[in-house]
Number of protein chains: 2
Amino acid sequence: MNPEKKEIISSFEYLRKLFIMPDSPDKFIEFGHQMLETIHDFFKEKGGIHSSITLPELSRIFDETAVPDAPNLIKDVLAEIKLKVAAHSVKVGSPYYVGHMTSAVPYFMIILEMIIAALNQNQVKIETAKASSFVERELVAWFHRLVYNRTENYYQRNMQNPRVALGNVTSGGTLSNLNALLVAREKAFPPSGSFPGVREAGMEKALRHYGYDRGVILVSARGHYSIRKAASILGLGEQNVITIPADSKHRMDVRGLCRKVDGLQSGKGKNKTKIIAIVGIAGNTETGSVDNLPKLAEVSESVGTHFHVDAAWGGAALLVDECRTLFQGIDRADSVCIDAHKLLYCPMAMGMILFKNEKDLNLIKQSSQYVIRRNSVDTGRFTIEGSRPFDSLKPWAALKIIGREGYGLLFRRARDNTDTFQEILQRRQNFEILNSPELFILIYRFVPQQVKKQLYKWQASKRLSEPEKREVRKKIGKVNHIINALNIKLHKALRLDDTTFVSRTTLESTRYRPQHITVLRSCLINPLTDRSILEEIVKTQNRLGMELWPEFEPAYLKALNGVRKTFAGGRGEQEQGRWAL
Amino acid sequence: MNPEKKEIISSFEYLRKLFIMPDSPDKFIEFGHQMLETIHDFFKEKGGIHSSITLPELSRIFDETAVPDAPNLIKDVLAEIKLKVAAHSVKVGSPYYVGHMTSAVPYFMIILEMIIAALNQNQVKIETAKASSFVERELVAWFHRLVYNRTENYYQRNMQNPRVALGNVTSGGTLSNLNALLVAREKAFPPSGSFPGVREAGMEKALRHYGYDRGVILVSARGHYSIRKAASILGLGEQNVITIPADSKHRMDVRGLCRKVDGLQSGKGKNKTKIIAIVGIAGNTETGSVDNLPKLAEVSESVGTHFHVDAAWGGAALLVDECRTLFQGIDRADSVCIDAHKLLYCPMAMGMILFKNEKDLNLIKQSSQYVIRRNSVDTGRFTIEGSRPFDSLKPWAALKIIGREGYGLLFRRARDNTDTFQEILQRRQNFEILNSPELFILIYRFVPQQVKKQLYKWQASKRLSEPEKREVRKKIGKVNHIINALNIKLHKALRLDDTTFVSRTTLESTRYRPQHITVLRSCLINPLTDRSILEEIVKTQNRLGMELWPEFEPAYLKALNGVRKTFAGGRGEQEQGRWAL
């Protein structure tokens, strides 16, 4: 940098001007334009979804071990961002990227982010967030109504009543779940007599006071890992998250739940267990399936426990009448969480947690002299988080711009894309679909046609003797083991090819349960994805799968012939090494 | 809306186009321009800082109880935002707003927000955040080095090593403190023998296994309320946050700490107490004071407990050599949190939590099949939060644009403004300054000159008999009670006037301790604030204070003359009513 320039940008006067929205917005527009072009280039680029750079290479780009001393020109730093950051970002908005719950976002979101940053309100307190506190409460009321559908009068009375909160805006589903389970914990161990409640006294005193050995949370095996995380954070212990197996539709097995609840309730004396919450899932993140909410509500009510529904993924579908039947019973939940950065198509990251009882959040109410005084109207009294951005503007404005009708069109497209994808995969024959997709998530795997036929033949075989049945089960297990390894390798090959993207997971609730099956996982919510793109995605997977197959075929043939030999390819899941994905 | 328009914006084709960055960015630029003007108008407006609208009026503006059905044109919604939201937002960036830790932000932050939203990376997982994961780790390493200053080799080895994490990026100080105390809890009750650790087994089993009655956290009375919140969330119980009184410099009283620690450690049998953490504060949010970190480190080390430093407010000052002496001893902390939306001048909200031991975060490591696999390099393995935005780009780019040198200039300005403010207040004589400001926070109160003189005379009086001393103390107490009420009323009057803004709090650690004194609180970090603005702020406060004084003077005169009568104005702190601030 020439020394004169350096001197300028090291002066206070130069810095001060950065803090002023320039009187003539030329400079701002100039950079804005430049940025738009960067973004354009990025999205237009034909290249890979993840950029071909390796992680070790990236680690060498970002290897400055100390903060820069000297200032730099904005344009130089923006150029650096373009070259080093944007170029090696993941094109999560690409219509070929159908692997995670991220999608393209409408461009007006970028304008909303500008407004949010410029206003820079802090939602913790009315002194730093005036209209924005009311926007947030209005948004929360909208979703509360979608879930609970209380009377018009109820919302008029409560939506802007600072004495209560219908819910909180959070940084996302994980915090929403934590918030819900925190409230459930307070409800499970309330103050009584000389006992000041778990909030004051802690978990140990709470269990002792109420004479319980432990407090547990029940959730299906498809539950999000944030439930386990919450149990750990809340001092309940991860071992007190009891997972109920999923049924073949990837929903919580209700009979399993009832058996477990009966077992827990029969514990006496030293083994007394408090059921703190039952968690239902409305759109699990792996398969999109919705638990049987009415049944779960029934069990929760009979036990007298908090019923939480994790609808972080699916909840926004409540906007659209034709999706609502899926969520039957959700209004019986004590709390429900819904994310905005998923099906509301907002940028990362914002969630909501809603409570049926508008007084529930009073159980965790906080106050502080300098920021959220006891009798204030500050939103921060009810939240786990402290300072929070005005992120609620994004879904609030998006709902006005897109409307329920618009979201209806978007979700219909997502459903159509899901159906189309399924149809294409079926037509290709070398794929096996492993769920009946709810909420736009389809899981499947690559299985050469002849293998699939063989598996189905084995599964259909009847009138076998016990030893024969065992033999068939063993063979199915062995073949699935091989196909698992094949799909792990296929997924790696897809990542290398990098023109398309699906994710991968392992499930025990497919038709082969209890065997763990490795599946490819697709989320089909990007409205820019269409039939031709889906054809291309499947074509690529089929091509790469077939290229890999010869490597696995000998093992398959051996398994077919019942030759007992350990299959060498089976260690694929153990992704060792520093840079494994 | 005309029906034709409605039809267009209800079509999928119209919606689809919203998801595409337009090929010609005209539309985008048009809205961007419009938005810029909105923002301009907002900042230029001469009017009040909080807008004069009342909260009940606002509650009638945002009273839609149901989600909009039909879509609306973007421009109409943006106009609505301008009219209803921006116009009634708090001008936290105003140079006359010196009351909270929010300031003007550099305009390039808005451009960075555009990039973040457009890239829409999800930091939880490398498949959704490639370069951005490395940017985040680089940023964390920079601050780790500012705090701990380990060797160049240490950072080269660890900063981009996915097996460990030097820290996390969080949504802000509250989550950072929770994260630090969660790790402290795991360290306090680790797995041993058949005991699987508190994370697995929960708080009750942990205390029982280790034979403790309770686990406590020690923090000064100036500790942020998030520490209490964290203790509650973590299942420790709020009553197990032990607050150590603050000394007259608003720092933790170290002798008080030692006494408390000795007392706790002498507990035997049923009363055994585990000290989970000692929390120091490096820039408390009420007065800016920094605890005696070397002493706190010493005590922590002697006890063998986790030493956490809450530097959410002050930590960024480590960037500037002349501030570093304040933080002496911070490198002995096991964990330190620093916020970006405070002294790094980033928009709401982002924090960092740093750990001295790069293996500490492994104690809370999580994995999940579909998103953060065990052997992955995903950042989400170490965080409390799940999906997270690429917010780290803002401080990362700001440090490049502003540099340590630039932050040096900004902090020098903040210090100069603090000194200037103090000087102006002293010159005005009707104010009493109640701290020796560290880190740009000045607390003071309005006290008419004659009252201040009288208080000082009483405090200076020597050779008094015990009954006389009691009488003087009583009088001081009574007068302070009156002055408290005056300052609460003054603060309300300032809010009504609304041309300037300072906040208000109540402290027991002023020269009048243990009496609780209501103070005005100013944070002088906005680089646009200058001497003339500070003069104006003080002039307004002095004028309004003097206008209010006659209402309080009779009570003062009575107190002066020792007439015992309950002062009617003393209930000011009980801010009743639905809309109290």
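Visitor: Which residues have the most contacts inside the largest nonpolar core?
Guide: They are A:Ile115, A:Ile217, B:Ile115 and B:Ile217, in a core of 362 residues. A nonpolar core here is a set of buried Ala, Val, Leu, Ile, Met, Phe, Trp, Tyr and Cys residues joined through C-beta atoms within 7 Å. A residue is buried if 20 or more other C-beta atoms lie within 10 Å of its own, exposed if 12 or fewer, and partly exposed in between, with C-beta atoms placed from the backbone. This is a predicted model, in which local features need pLDDT of at least 70, side-chain atom pairs count only at pLDDT 80 or more, and totals for chains, interfaces and linings use all residues. Residues are numbered from 1 along each chain as its sequence is written, while chains are lettered from A and ligands numbered from 1 in the order in which they are written.

Visitor: What is B:Ile217 in contact with, leaving aside its neighbours within four places in sequence?
Guide: Its partners include B:Leu181, B:Ile227, B:Ala231, B:Leu236 and B:Ile276. Contact means that the C-beta atoms of two residues, placed from the backbone, lie within 7 Å.

Visitor: How many residues of chain B are in contact with chain A?
Guide: 159 residues of chain B are in contact with 157 residues of chain A. Helix H16 of chain B, residues 393-428, gives the most to that side, with 12 residues. Helices are DSSP runs of H or I with at least four residues, strands are runs of E with at least two, and both are numbered from the N terminus.

Visitor: What rotation superposes chain B on chain A?
Guide: A rotation of 180° with 0.0 Å of shift along its axis does so, at an RMSD of 0.1 Å. That is the relation of a two-fold axis. The same surface serves both copies, as 99% of the contact residues of chain B recur in chain A. The superposition is by least squares on the C-alpha atoms of residues with pLDDT of at least 70 in both copies.

Visitor: Changing topic, how many helices and strands does chain A have?
Guide: Chain A has 18 helices and 11 strands. Of its 581 residues, 58% count as buried.

Visitor: What is the mean pLDDT of chain A, and where does pLDDT stay under 50?
Guide: The mean is 92, and 94% of the residues of chain A reach 70 or more. pLDDT is the predictor's confidence in each residue, from 0 to 100. It stays under 50 over residues 563-581 of chain A.
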